[in-house]
Amino acid sequence: MDGKAAPNGVATIEDRILRITGYYGYYPGYSSQKSASRSSVIQCKPGGNCPSRHRGMTRQLSPLSVAEDSAAPILELQNRSPSGICRHSRVERQSRSEEGTQTHTESSSQEAEGQTRCQSCASTFLKLIWRFLIILSVSSSWVGTTQFVKITYETFDCPFFMTWFSTNWNIMVFPIYYSGHLATAQEKQSPIKKFRECSRIFGEDGLTLKIFLKRTAPFSILWTLTNYLYLLALKKLTATDVSALFCCNKAFVFLLSWIVLKDRFMGARIVAAIMAITGIVMMAYADGFQGDSIIGVAYAVGSASTSALYKVLFKMFLGSANFGEAAHFVSTLGFFNLIFISVTPIILYFTKVEYWSPFSAVPWGYLCGVAGLWLAFNILVNVGVVLTYPILISIGTVLSVPGNAAVDLLKHKMIFSVVRLGATIIICIGFLLMLLPEEWDEITLRFINSLKEKKSEDHADDITDSSVHTRSRSRANGTVSIPLA
């Protein structure tokens, strides 16, 4: 009985395992039929045609045959089960899809990074080109204005009339600004609405008659004096000397702001102001403090002083202004000049201080050239301050000095004395010192410290690389490097 119980028990266990695991080749009596097939193999007569005789006998005589028979369906199940095959294929497909997705994501991220880098480089290049064009335009317009005045003096010696005529062109600044607004703005505004919006520079009430007379009159007078003294200086000095002396207005602005507006004291700007004064004295000394030279220097310094006073008062009473407000203010100055100052050139004409005859002898072409270039300079100054950095406008102004020097040297065959050349260089250096930011000392210290830290890091990296190279070489030679105590 024991011999029969064991196969039945084994068959029952095998049936249970196959039923539980869901073997697709299982059916009731599978294990019994398999045992019967085994018995038939074992009972094969000697000498009969039995291809699996030895294997069947081995299975019958081996004590591990039952365990092997029990484990075989399980192994076959793991290898042949449809669910296992499907699960394995799904895992493979999922892994392949993840690899493909990861590769596609990496390639797309690299392409996006490359496009972003190209766009940033292109935008940086365009910004540099734009700033260079602003500097070049400011310098060229100022040089052109100065040289046109010198040419106009050859046939028309009326500096105040030129000043009045050029200032009247300022009326066109606001219409030009509004034309740009219509061309670029998404939300268009009517001229009256835009005019009222830009009138806030005069206060909450906008531009009234009282404000027009109270605020516009002093600035219009300072504007006229600045330009008139500049033109008078051009009658006595070369264009290079006058443009260099006019650069001193930056030093005067600092001194007035320090005294009136209580701005921060800066040692570098004090040095720049001293250099400007030194250049002025050297320029006046060039011809021995006599003749037209000293008078021309006085006119140029007076023009720089009134320009500095204009800027300081504008900052005090009107504060900062955007491009629209500045355009509105400059156009208002043009209207005031046309209405109230037009009587001055008439008086000068009848008193024969500035007299021309006949009327057709007036060089209107040169006058329009001077007025147009002056208008372009004023627009570029206001646009440049809003769209770029104010320092670029200052650089464009100081570059007018070598520009005028080149024109005087090539066209007028001017010979510059050593004293005048030294004075011009000193004034330009002082002007550049004025362009230093207020935190220039802190910025310089941070830059020096960053350089020191970078050098120390590079030195540490070099030491580490040399030590690693020494160890690898000593190991290759079969020795060990031992540092000395």
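## Cysteines

Cysteine 121 is partly exposed, its relative accessible area being 49%; buried means under 20%, exposed over 50% and partly exposed in between, with a 1.4 Å probe and protein chains only. The closest cysteine sulfur to that of cysteine 121 belongs to cysteine 118, at 6.5 Å, which is too far for a bond. A disulfide is counted when a pair of cysteine sulfur atoms lies within 2.5 Å, and by this rule there are zero disulfides.

Cysteine 248 is likewise in no disulfide, with the nearest cysteine sulfur, in cysteine 247, 7.3 Å away. Cysteine 248 is buried, at a relative accessible area of 1%.

## Basis of the model

The model is predicted: local features need pLDDT of at least 70 and side-chain atom pairs pLDDT 80 or more, while totals for chains, interfaces and linings use all residues. Residues are numbered from 1 along each chain as its sequence is written, and side-chain values use heavy atoms, leaving out hydrogens and water.

## Nonpolar surface patch

Phe125, Leu126, Ile129, Phe132, Leu133 and Leu136 make a nonpolar surface patch of about 610 Å². Patch residues have over 30% relative accessible area and no salt bridge, and nonpolar side chains (Val, Leu, Ile, Met, Phe, Trp, Tyr) are joined within 5 Å, like charges within 9 Å. A salt bridge places a side-chain nitrogen of Lys or Arg within 4 Å of a carboxyl oxygen of Asp or Glu.

Phenylalanine 125 lies in helix 5 (residues 82-152); helices are DSSP runs (H or I) of at least four residues, numbered from the N terminus. Phenylalanine 125 counts as exposed because its relative accessibility is 53%.

Terms used
Accessible areas come from the Shrake-Rupley method with a 1.4 Å probe; for residues, only the protein chains shown count as cover. Helices (H or I, at least four residues) and strands (E, at least two) are DSSP runs, numbered from the N terminus.
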